[in-house]
Amino acid sequence: MEHNKKFKLSADQIKDLIPRMGGCMATDKITVNGEPVKYMYRQEPENDIDSGWVFLSGTETQEYLDDAANTMIYDVNTIANYDKAIIPYLNLPIGSDLERIDGTDTFERYTG
């Protein structure tokens, strides 16, 4: 699959911020548009290299999410470089579902 995406951060801008923890899913709203993470949740990993984390900006529509071209698998460290506010929450257990408090770098349990 060919990717012609223009990422907000170039490869040389990605620093090691966290220990290796595997892959995650994130949308282009974060990695291409540069929007902050609004929602993060951790589901059951699909394999040994999957962290289970999914990161969303909160501006995605269902139609946007249904198009697989808008979502990619990244190393969790890559997404931490896009939004450092996620770092304190990355060791939360499977089933964690968090929402960013508007205007802050703090996340709280998402209650829908």
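A polar contact is a pair of N or O atoms within 3.5 Å; within protein, one atom must be able to donate a hydrogen and the other to accept it, and residues adjacent in sequence count only if both atoms are side-chain atoms. The side chains of T27 and E60 make such a contact, at 2.6 Å.

This is a predicted model, in which local features need pLDDT of at least 70, side-chain atom pairs count only at pLDDT 80 or more, and totals for chains, interfaces and linings use all residues. Residues are numbered from 1 along each chain as its sequence is written, and side-chain values use heavy atoms, with hydrogens and water left out.

**Overall form**

The protein chain has 3 helices and 6 strands, where helices (H or I, at least four residues) and strands (E, at least two) are DSSP runs numbered from the N terminus. Along the sequence the pattern reads β-α-β-β-α-β-α-β-β. The radius of gyration is 13 Å, close to the 13 Å that the globule rule gives for 112 residues, so the protein chain is as compact as a globular protein of that length. That radius is taken over C-alpha atoms, and the globule rule is 2.2 Å times the number of residues to the power 0.38. Taken along the principal axes, the C-alpha atoms fill a box of roughly 35 × 30 × 30 Å.

Of the 112 residues in the protein chain, 39% are buried. Buried means under 20% relative accessible area, exposed over 50%, and partly exposed in between (1.4 Å probe, protein chains only). The accessible surface of the protein chain comes to about 6,900 Å², and 50% of this belongs to carbon and sulfur atoms; areas come from the Shrake-Rupley method with a 1.4 Å probe, and for residues only the protein chains shown count as cover.

Contact means heavy atoms within 4.5 Å. Among contacts in the protein chain with a separation of 6 or more, 69% are between residues 24 or more positions apart.

The protein chain carries 11 positive and 20 negative charges, whose mean positions are 7 Å apart. Lys and Arg count as positive and Asp and Glu as negative, while His and the chain ends are not counted. Each charge is placed at NZ of Lys, CZ of Arg, CG of Asp or CD of Glu.

**Selected residues**

T27 lies in strand 1 (residues 23-27) and is buried, with a relative accessible area of 1%. Leaving aside neighbours within four places in sequence, T27 is in contact with F55, L56, E60, Y64, L65, N70 and T71.

K38 sits in the loop between helix 1 (28-31) and strand 2 (39-42). K38 is buried at 14% relative accessible area, and the K38 side chain makes a polar contact of 2.5 Å with the side chain of D102. Beyond four places in sequence, the residues touched by K38 are L56, S57, G58, L98, E99, R100, D102 and F107.

E99, one of those partners of K38, belongs to strand 5 (residues 97-100). E99 counts as buried at 19% relative accessibility. The side chain of E99 makes a polar contact with the side chain of Y39 at 3.4 Å. With residues up to four places away not counted, E99 touches K38, Y39, T106, F107, E108 and Y110.

M72, in strand 4 (residues 71-75), is buried with a relative accessible area of 17%. K6 is found in the segment before strand 1 and counts as exposed, at 69% relative accessibility.

**Sequence separation and C-alpha distance**

| Pair | Apart in sequence | C-alpha to C-alpha |
|---|---|---|
| K6 and D28 | 22 residues | 9.5 Å |
| M72 and T31 | 41 residues | 9.3 Å |
| K38 and S96 | 58 residues | 14 Å |
| E99 and K6 | 93 residues | 27 Å |
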